[in-house]
Amino acid sequence: QAQEQLKFPQVFRWRWCGRAMGKKAQTTRPGDTSADGPEWWRSLTTDDPITLEPLRNLDVPPFELASGFAGSGAKHYFDAVALASYVTRRGVFENPLTREPLSREDCVRLDAHL
């Protein structure tokens, strides 16, 4: 009954290992300019907050979650596979850094990213 109330897409049960299924994520962000280049994340100096691995070492671009708390508009980047695993294993659909609930749109974007 609790699963019916969430109404989240069944995104993570069978697709969270998209890379293993031979599907490669898009390497550019929407609205990217040519100056950013196709591997824009290689210039990131931050680590994934879940795995603590450098985001620049990912084979595919990281997944972006924007924070809406206090109008900050802060962007957080995650290894998409680690984020999908984190939220599904814990059963808590929220940003691990801010505890802000993930919207259905966030879940659909994560599914498409994988």
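So, Arg-109 and Asp-106: they both sit in helix H4, 3 residues apart, which is about one turn of the helix. This is a predicted model, by the way. The two side chains meet in a salt bridge, 3.3 Å from N to O. Side chains of opposite charge can pair when their charged atoms come close.

Asp-106 is at 16% relative accessibility, and because the cut-off for buried is under 20%, Asp-106 counts as buried.

How many salt bridges do we get by this rule? The count comes to 4. Among them is Glu-39 with Arg-42, at 3.1 Å, N to O. Here Glu-39 is partly exposed at 41% relative accessible area, and Arg-42 is partly exposed too, at 33%. Another one is Arg-99 with Glu-94, where the closest N and O atoms are 3.6 Å apart. Arg-99 comes out partly exposed, with 41% relative accessible area.

Okay, on to the nonpolar side of things. The largest nonpolar core has 14 residues, and the ones touching the most other members are Phe-63, Leu-65, Leu-83, Val-87, Leu-102 and Leu-110. Which elements give two or more residues to this core? That would be strand E1 (63–66), helix H3 (80–90) and helix H4 (104–113), so we're back at the helix that holds Arg-109 and Asp-106. The largest share, 6 residues, comes from H3.

And there's a second, separate core of 6 residues, including Trp-41, Leu-44, Leu-55 and Leu-58.

Conventions:
Residues numbered from 1 in each chain as written. Predicted model: local features only at pLDDT ≥ 70, side-chain atom pairs only at ≥ 80, totals over all residues. Heavy atoms only, no water. Core = buried A, V, L, I, M, F, W, Y, C linked by side-chain atoms within 4.5 Å. Buried < 20%, exposed > 50% of the residue type's maximum accessible area, 1.4 Å probe, protein only. Helix = DSSP H or I, 4+ residues; strand = E, 2+ residues; numbered from the N terminus.
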